[in-house]
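Please look through the sequence and the model shown here, and keep both at hand while working through the exercises.

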Amino acid sequence: MAKEPARVLVTGAAGQIGYALVPMIARGVMLGADQPVILHMLDIPPAAEALNGVKMELVDAAFPLLKGVVATTDVVEACTGVNVAVMVGGFPRKEGMERKDVMSKNVSIYKSQASALEKHAAPNCKVLVVANPANTNALILKEFAPSIPEKNITCLTRLDHNRALGQISERLNIQVSHVKNAIIWGNHSSTQYPDVNHATVKTPSGEKPVRELVKDDGWLNGEFISTVQQRGAAIIKARKLSSALSAASSACDHIRDWVLGTPEGNWVSMGVYSDGSYNVPAGLMYSFPVTCSGGEWKIVQGLHVDEFSRKKLDLTAAELTEEKALAYSCLS
Amino acid sequence: MVSLFLQGKENDYSDCDSFLLLNFVGKMIKLFKVKEKQRENVENAKKQTTAELPLLKVLSRVHGLRLRFCHAAAESSHGPILRHPDGKDLEAHVELCNKRREEACQSSRHWSRRHAHMAFFSIYIVNKFQRQIGYNLVPMIARGLMLGPDQPVILHMLDIEPAAEALEAVKMELADSAFSLLKGVLATTDVVEACNGVDIALMVGGFPRKDGMERKDVMKKNVAIYKAQASALEQHAAANCKVVVVANPANTNALILREFAPSIPPKNITCLTRLDHNRALGQISEKLNVPVSSVKNVIVWGNHSSTQYPDANHAIIVDPGSGRERSAREMVADDNWLKTEFQTIVRQRGAAIIKARKLSSALSAASAVCDHMRDWILGTPEGTWVSMGVCSDGSYGIEPGLLYSFPVTCRKGQWSIVQGLNIDEFSRARMDATARELAEEKLMAYSCLQVEK
């Protein structure tokens, strides 16, 4: 018995992250190989022709799971009936722009998309904000879509989480599938804190802590952190374009684990609405370690936070508080 | 003469991983034997051994065992002999392990497949990373969309020197994606290194046609590229390597590849027309307003060019509810559309995408490559055929030896041309026209080669 198709919205779909993302969604990577989907793709009028080109390619790929494509520049049409919204579209930072300028542009975009989502999306729509500044865009979205449950609005730090796993696996020369339970705390920016204090590696003799196997606290507290924090810039330097492939893949991971649940004994990192856990100020969109079950995420509680980590957690929280103030000042 | 010393943990071979590795090793030894027979030149045998070594090193690292190669001085009439560190004969032990593995397989199905092809499914992707097909393709492969969700893969990515930094960035992004099926990535500009041990080769790279270039110029450039890659593949790829050529002129590039890699079975060299096939399915589905998964058995005949012939005469629409099958042609009820507009749209779709996107179709091409390989290796569903550019055996009156797109079914890793389809006059003319173009391209390619020689 075939399932009812799920409607998935991708904003900024004509861009390169969108281009990498839509075939993954259409192949069932995001919601499972037995979940038919209808794609809603939104972009701005200057990108309308390119967006139509993407729609044509989706038809040309004859995806069995893809039951329909809506390609539009109308935000209401795009949001109607969607069960999942992946907000990739945003105003990118250009050379010479101040943080305040980028913030100002994005705040107005997310304000208007918030009301469209609130009015037209399916109840219990799950939202993932990708476009930077991800945490603060998500916060604005939440502010202006008060009837969307706050637990349904999240932002992407899974990319950083996956990058952290990748760095550990390269360092230890093992398969990445054997590393788990890294944590990304805080803002998806250069103040993020990649924390492997609770991460483990599957070895033939059982689960071992990463710290024990790496045997190099200097690296774990220094270069490892800065590599993960600055990986985005490193990719841009090498590709001359930002990371689309890995961002799209992580977005699929984020939604899939949220909807289908995290495996037993595993947690992942998601930017979620803080409830004050770990002394992080409530009311911020902050990345925490979470497990997912029954379509809901839950912050992993009771993890020990050492002094070094505490400082890092607070630093990134301070930046988020600052961004929040900046965003509100743009609005008034 | 090669001896293999295996050092396991505590000499305990009851571990599952060890079984499989030993089984591998057994297979590897057989491979050596076969290759030694094939190559009379001892020098080549040694080279092959050296080439296999990195692969085995990867394997051994992964399984936590150490492998050491040792060229023993003494010749043996039995070929390579396995010796256990304390002198026992390991070959018998390998057989025993095989038996135990089979028994274990009865009880737990999953791990036999998980490891069986590990490190042997290396996929070699040529070029086009900056320009997107490769970039779209690698995450699809790493997610198991080409070979199935339980088939681990090792990617070999090759590109030209100017693209080396971008290629390295793709490797970084693959690491950043934490794909559980991706067991290794090789990013290189060295074609020999790239071809080493690959089971599948996806030839996406070629010389694109630029404004002002004559057909002969494009042909000359591509002939040179495919000649070079042919010998590298032939010498270094795995024995039953399956090849799909994507870069245009796809059919003729594949022909050249076959010419210069005579020891690769001709049936293993194909070219991509699945994109056109999928486009044809998409057009029928839009015309009839049915889901594309309900449409099947279109055919794309001939050359992946403007002479291709998309044929809906035998296409079928399956009702999703009842499973009832109907002729697409009957349901469309517009033969004129099928002979004119339908043809034009499918043929010119590539150009239409470029016009809209300002870039060529990477997403759909990458997806079609996955479909082509997946169906070839895992088999086509019952009652369904697909289009593949394959070596003509004279079926349907097409000149043998041309790389021509036919309707095929696939089973157990082999394709076979669907026979006995009725060909009407209109179709006959179109099929012959595209065959003529291919014969012409073949001549042009050979003339470029004469100049080369």
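Predicted model: local features only at pLDDT ≥ 70, side-chain atom pairs only at ≥ 80, totals over all residues.

Residues are numbered from 1 along each chain as its sequence is written, chains are lettered from A and ligands numbered from 1 in the order in which they are written, and side-chain values use heavy atoms, with hydrogens and water left out.

**Exercise 1.** Find how many disulfides the whole structure holds, and explain the case of A:Cys292.

Solution. A disulfide is taken as a pair of cysteine sulfur atoms within 2.5 Å, and a search over all chains finds zero of them. As for accessibility, buried means under 20% relative accessible area, exposed over 50%, and partly exposed in between, with a 1.4 Å probe and protein chains only; A:Cys292 is buried at 4%, and B:Cys241 is buried at 2%.

**Exercise 2.** Describe helix α6 of chain B and what covers its buried residues.

Solution. Helices (H or I, at least four residues) and strands (E, at least two) are DSSP runs, numbered from the N terminus. Helix α6(B), residues 164–176, has 13 residues and reaches 18 Å from its first C-alpha to its last. Its buried residues include B:Leu167, B:Val170 and B:Met172. Among the elements that cover them are α10 (231–239) and α11 (245–260) of chain A, together with β4 (153–158) of chain B. The helix is followed by B:Ala178, whose phi is positive, near 50°.

**Exercise 3.** Work out the strand order of the sheet containing β9, β12 and β13 in chain B.

Solution. Two strands pair if DSSP finds at least two bridges between them. The open sheet runs β9-β12-β13 with antiparallel pairing, and its edge strands are β9 (295–296) and β13 (325–327). Between β9(B) and β12(B), residues 316–318, there are two bridges, and B:Lys296 stands opposite B:Ile316.

**Exercise 4.** Decide whether A:Val210 is buried or exposed, and list some of its contacts.

Solution. A:Val210 is found in helix α7 (residues 210–214) of chain A and is buried, with a relative accessible area of 0%. Contact means heavy atoms within 4.5 Å; leaving aside neighbours within four places in sequence, the contacts of A:Val210 include A:Ile168, A:Val179 and A:Val196.

How values were computed: Expected span 1.5 Å × (residues − 1).
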